[in-house]
Amino acid sequence: MTNLKQNLTVSSLAVFGGKPISKTAIHSCRPYADDKEAFLQHLDTAWQARRFTNNGPLVVELEQQLQSYLKVDHCIATNNGTAAMSILMQALGLKQEVILPSFTFISTAHTLHMAGIKPVFCDIDPINWTLDIEHCKQLINDKTSAIIGTHIWGNACNIEELTQLCSDKGIQLIFDAAHALGCTYHGTPIGQFGAAEVFSFHATKVFHTFEGGAITTNSSELAERLRKTRNFGFNDYDHVTLAGTNAKMTEISAAMGLASLSSLEKRVKHCHRAYKRYQELLKGVNGISFYQRNTGEKSNYHYIVAEVSDEFGLNRDELVNVLHAENIVVRRYFYPGSHQSEPYKTLYRTTDNELPITHKIARRVLILPGGADISDEEIDVTCKLIRFIHANADKIATILRKQSS
Ligand code: T4K
């Protein structure tokens, strides 16, 4: 699959017209596709029963298994993480202004905006890259109805301080745990903090249902409202008791979830090994450092997150261009930050000076090929290439910059 150029030279790089090092794309988060037999068995059950959606038995079973895995009272499965966040905002009655990090997937800002709520962008901590509490405090005003923290790359926010702050101010606290299945905070599984937490089970995640998501909460009253909101507000066959939408998970998605939940820990181990292999193979490369996981906590290591600084010799975007040409599809999650994406850039004009850490990290972050399906060979090729680029950075940068001027 890879075309290890034996004598790698600057002129043989694909960005300068050479053959790409990999014939097929090496992705940052290619979905895993094991457990096929188990998936087909679950699917057959749904097929025989002619039960494909509307809170079917596979969805109910998956919710129960997730509840016991996460040690939380309620799990409400949905058709994706964005819809889960949307019905949670609706069920909690969020309004006016909500504080969130700019450095997260754009879905959260969009969900607020589309519900008529102003997203107020907060900066991040320079080490953990989660909400900067001091900045949060400055942004709270009498219109603020909630704070949404993102447990970025599975690293928990400072939950204790955020909980205290929200309780002092009388506002809601919820968490975007899209990256955090299988991760802990103070040894407790993420999924039971704040009023509720939202997971994504998108195909690119460490546990997936093709598309899917879930909300977890210890509040029975909120769980009941969420179940109704997920299904058009129906209370029974005929009675609609609140405004709702269609955010239901299908039985096909639940079949995938049931087939692969028990192998989650195996995939976490694989991701951890991949992370350590990268650290080992890129040790000593100036200008490449790895995002630190919270000490003493369990992490799923699903995203291989690096930071590219000036010492590398090429800037992050130049490195991305060279790697993409070689068919190595590294990503810049979450560049340029939600505050610099439309419509927020034009509507609110939050400047980079107001969010200096977001600005810095968004320009340095590099998601390397990883995920539960990554092979040693793909990691080795990627690292070999990055080492070569670093060793020849002056020459490569000179040609690239001449070409673009
Ligand atoms: N909050 C946070 C913090 C999030 O990161 C996300 C989603 C959400 C909320 C919202 O949850 P969902 O509503 O999505 O459940 C991807 C995912 O679509 C998205 O779920 C994820 N975060 C985000 C970080 O990444 P894209 O547009 O970058 O995906 P795409 O299609 O470029 O795929 C990524 C890589 O994986 C590519 O190199 C191709 C490869 N791939 C992808 C798919 C889907 C495959 O090889 N096979 C596949 O089937 O957004």
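Axes here are lines fitted to C-alpha atoms, for helices over the stretch in contact, and angles run from 0 to 180 degrees between N-to-C directions. Helices (H or I, at least four residues) and strands (E, at least two) are DSSP runs, numbered from the N terminus.

The structure is a predicted model, in which local features need pLDDT of at least 70 and side-chain atom pairs count only at pLDDT 80 or more, while totals for chains, interfaces and linings use all residues. Residues are numbered from 1 along each chain as its sequence is written, and side-chain values use heavy atoms, with hydrogens and water left out.

**First stop: helices α3 and α4**

Select α3 (81-92) together with helix α4 (residues 107-114). Their axes lie 10 Å apart, and the two helices pack at an angle of about 40°. The pair is therefore oblique; angles under 35 degrees count as roughly parallel, over 145 as roughly antiparallel, 65 to 115 as roughly perpendicular and the rest as oblique. The crossing of α3 with α4 is right-handed, a crossing being left-handed if the near helix is turned anticlockwise from the far one by less than a right angle, and right-handed if clockwise.

Now display the side chains between them. T82, M85, S86 and M89 of α3 meet S107, T108, T111 and L112 of α4. These contact residues comprise three nonpolar, five polar and no charged. Ala, Val, Leu, Ile, Met, Phe, Trp, Tyr, Cys and Pro count as nonpolar, Asp, Glu, Lys and Arg as charged, and the others, Gly among them, as polar. Contact itself means heavy atoms within 4.5 Å.

**Second stop: the seven-stranded sheet**

Select next the strands of the open sheet, whose order is β2-β10-β9-β6-β5-β3-β4, with mixed pairing. Two strands pair if DSSP finds at least two bridges between them. Which strands stand at the edges? They are β2 and β4 (118-122), each with a single partner strand, so one side of each is left without a neighbour in the sheet. From one strand to the next, the twist averages 25°.

Within this sheet, strand β6 (residues 172-176) and β9 pair in the parallel sense over three bridges. I174 has A196 in β9 as its bridge partner.

Helix α2 lies across β2, β9 and β10, running at about 135° to β2. Helix α6 (residues 159-169) lies across β5 (144-150) and β6, and runs at about 150° to β6.

Select residues 220-230, which form helix α7. Its buried residues are L222, A223, L226, K228, T229 and R230; buried means under 20% relative accessible area, exposed over 50%, partly exposed in between (1.4 Å probe, protein chains only). Against which elements do the buried residues of α7 pack? They pack against α2 (57-70), β2 (74-78), α3 (81-92), β9 (196-200) and β10 (213-217). After α7 comes F232, with a positive phi near 60°.

Move to strand β12 (residues 304-308), where five of the five residues are buried. I304, A306 and V308 are on one side of β12 and V305 and E307 on the other, so that both faces are covered.

Strand β11 (residues 288-290) pairs with β12 in the antiparallel sense over three bridges, and S289 stands opposite E307 in β12. Strand β14 (residues 365-368) also pairs with β12 in the antiparallel sense, over four bridges. There A306 stands opposite L366 in β14, and V305 has I367 as its bridge partner. Both faces of β14 are covered as well, with V365 and I367 buried on one side and L366 and L368 on the other.

Select helix α10 (residues 316-325) and helix α13 (residues 376-391), whose axes come within 11 Å and cross at roughly 130°. That angle makes α10 oblique to α13, and their crossing is right-handed. L319, V322 and L323 in α10 meet L385, I386 and I389 in α13. The residues of this contact divide into six nonpolar, no polar and no charged.

**Last stop: I21**

Finally, select I21, in the segment before β1 (26-27). Is I21 buried or exposed? I21 is buried, with a relative accessible area of 0%.
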